[in-house]
Amino acid sequence: MKKIITLICVFALAGCTLYQDHQLNIYNPERITKKEFGTYVEPGNSPVEPEVFIGYHTAIDFETFEDEQDVEVPVYAICNGPLVVNRWAQGYGGVIVQSCKINGMDVTVVYGHLDLSSVPLKDNFKFGEFLGYLGDAYSYETDNERKHLHLGIHKGSEINLLGYVQDPTELENWINPWEIVNLTIN
Ligand SMILES: [Zn+2]
């Protein structure tokens, strides 16, 4: 039944109760409370303490609500395309990268801090399809980060896992994910 509702949501795009339910909508704008696209952080000067990173955030972090710490929080594909990365990486824990075309442009989409054991074993994912659950807070699955989704969109087909860049002009190689997510999902 959930699958049918998801399909309806994908086709209806707007006004969908499934995506309006905060438990199920990872892309709810109320989740963007810490790091936006381009936010500069360093230890001692960050909305996240303790901070281990330095630089300009290439992504948006979607936080989890207090009542979601012990429940599975699903992550959905924001575009159509195959997974080109599905592995553990320092700073992320589980990370997957989807290769897509968005508005005619080749991009790679980084979904960070996932529980890799929940990622379906298939290569191609359609917009709105389940990609996996967020990893548990402060665990191997998130490389000891809080439970949240790091969503980055890098321009071009080259894989780039950088969560931060040191020069703000390098942000030009990335797309603000909110421009895509807000238009297509919310
Ligand atoms: Zn992040």
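This is a predicted model: local features need pLDDT of at least 70, side-chain atom pairs count only at pLDDT 80 or more; totals for chains, interfaces and linings use all residues.
Start in the middle of things: select Val75, Val109 and Tyr111, the residues that touch the most other members of the largest nonpolar core, which has 33 residues. Next, colour the elements that give this core two or more residues each: β3 (59-63), β4 (74-76), β6, β7 (105-115), β9 (130-134), β10 (148-155), β12 (174-175) and α3 (177-184).

Now click on tyrosine 111. Leaving aside residues up to four places away in sequence, you'll find that Tyr111 touches Val75, Val95, Ile96, Leu131, Leu149 and Leu151.

Zoom out for the whole chain. There are three helices and twelve strands to pick out, and 34% of the 186 residues are buried. Take the contacts between residues at least 6 apart in sequence: 60% of them join residues at least 24 apart.

Last stop: select serine 99, which sits in strand β6 (residues 93-102). Is this residue buried, exposed or partly exposed? Serine 99 counts as partly exposed because it has 18 C-beta neighbours inside 10 Å, and 20 or more would be needed for buried. Show what it touches, again skipping residues up to four places away in sequence: Gly81, Pro82, Val84, Thr108 and Ser157. To finish, draw a distance from the C-alpha atom of serine 99 to that of glutamate 158: the two residues are 59 apart along the chain, and these atoms are separated by 9.0 Å.

Definitions and conventions:
Residues are numbered from 1 along each chain as its sequence is written. Helices (H or I, at least four residues) and strands (E, at least two) are DSSP runs, numbered from the N terminus. A residue is buried if 20 or more other C-beta atoms lie within 10 Å of its own, exposed if 12 or fewer, and partly exposed in between; C-beta atoms are placed from the backbone. Two residues are in contact if their C-beta atoms, placed from the backbone, lie within 7 Å. A nonpolar core is a set of buried Ala, Val, Leu, Ile, Met, Phe, Trp, Tyr and Cys residues joined through C-beta atoms within 7 Å.
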